Amino acid sequence: MARVPYVDDRSNPELKPVADRIRAERGGSVLNLYRVLLNSPKLAEAWLQFFTVIRQQCELPAQYREAAILIIAVINGADYEYRHHVPFARAAGLTTAQLEELPRWRESSLFDASQRAVLDYAESMTRDVHVPDAVFEAIAQHFDPRQTVELTATIAGYNLVSRFLEALKVDHE
């Protein structure tokens with residue numbers, strides 16, 4: 001059970017605009033993550049805006065975004081985040097075999113050089129915060145400055161998501 005209440009937006013008319021936007025942008029329902037966020041409507045609205053930009057308005061190819069999100073979830077033990085992003089990862093072209101190998105990506109031959117660079121970058125940012133020059137240089141070989149900024153924001157943002165979910169013990173739907 002979550003450490004704060006799940007908000008029923010239908011019982012509070014003040015929440016209708018943001019809840020309607022969540023439904024429109026997130027497949028017609030208000031997930032538990034957002035039901036927790038609705039304890040702070042302005043925060044829920046800003047969160048929705050930020051992650052809508054990351055997931056739907058950036059030029060970074062989806063396979064890299066989703067690989068980064070999934071390795072963050074693996075490292076941080078964020079099962080809710082992981083389960084919610086597996087379908088997006090598959091839709092972006094990651095294979096079932098790659099998903100199974102993700103916890104052991106360094107030893108796997110299933111990831112190409114650009115995917116390995118993303119996984120290494122995400123792991124460095126997640127575990128150590130400070131990224132070694134060699135890790136960043138591998139990113140710079142595969143991604144232009146815009147994509148690099150988008151990837152960095154994605155990794156930073158989804159570390160926020162996993163930490164939020166785990167600190168508040170948000171349940172699966």
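Helices α2 and α3 are among the elements that cover the buried residues of α1 (buried: under 20% relative accessible area with a 1.4 Å probe, protein chains only). This is a predicted model, in which local features need pLDDT of at least 70, side-chain atom pairs count only at pLDDT 80 or more, and totals for chains, interfaces and linings use all residues. Residues are numbered from 1 along each chain as its sequence is written, and side-chain values use heavy atoms, without hydrogens and water.

**Helix α1**
- Helix α1 spans residues 16-25, and its buried residues are Val-18, Ala-19, Ile-22 and Arg-23 (helices are DSSP runs of H or I, at least four residues, numbered from the N terminus).
- These buried residues line one face of α1, because they fall within an arc of 140° seen down the helix axis (the arc is that of the directions from the axis to the C-beta atoms).
- Pro-17 and Ala-24 are exposed on the face of α1 turned away from its buried side (exposed: over 50% relative accessible area).

**Largest pocket**
- The largest pocket holds about 260 Å³ of space (a pocket is an open set of points on a 1 Å grid over the protein atoms alone, where a 1.4 Å probe fits, with protein on both sides within 12 Å along at least five of seven lines; the volume is the space filled by probe spheres set on the points).
- Its lining has 17 residues, and Arg-26, Leu-31, Arg-55, His-84 and His-85 lie nearest the centre (lining residues have an atom within 4 Å of a point).
- At least two lining residues come from each of α2 (32-37), α3 (41-56), α5 (79-91) and α9 (145-168).
- With 5 residues, α5 gives the most to this lining.

Terms used
Contact means heavy atoms within 4.5 Å.
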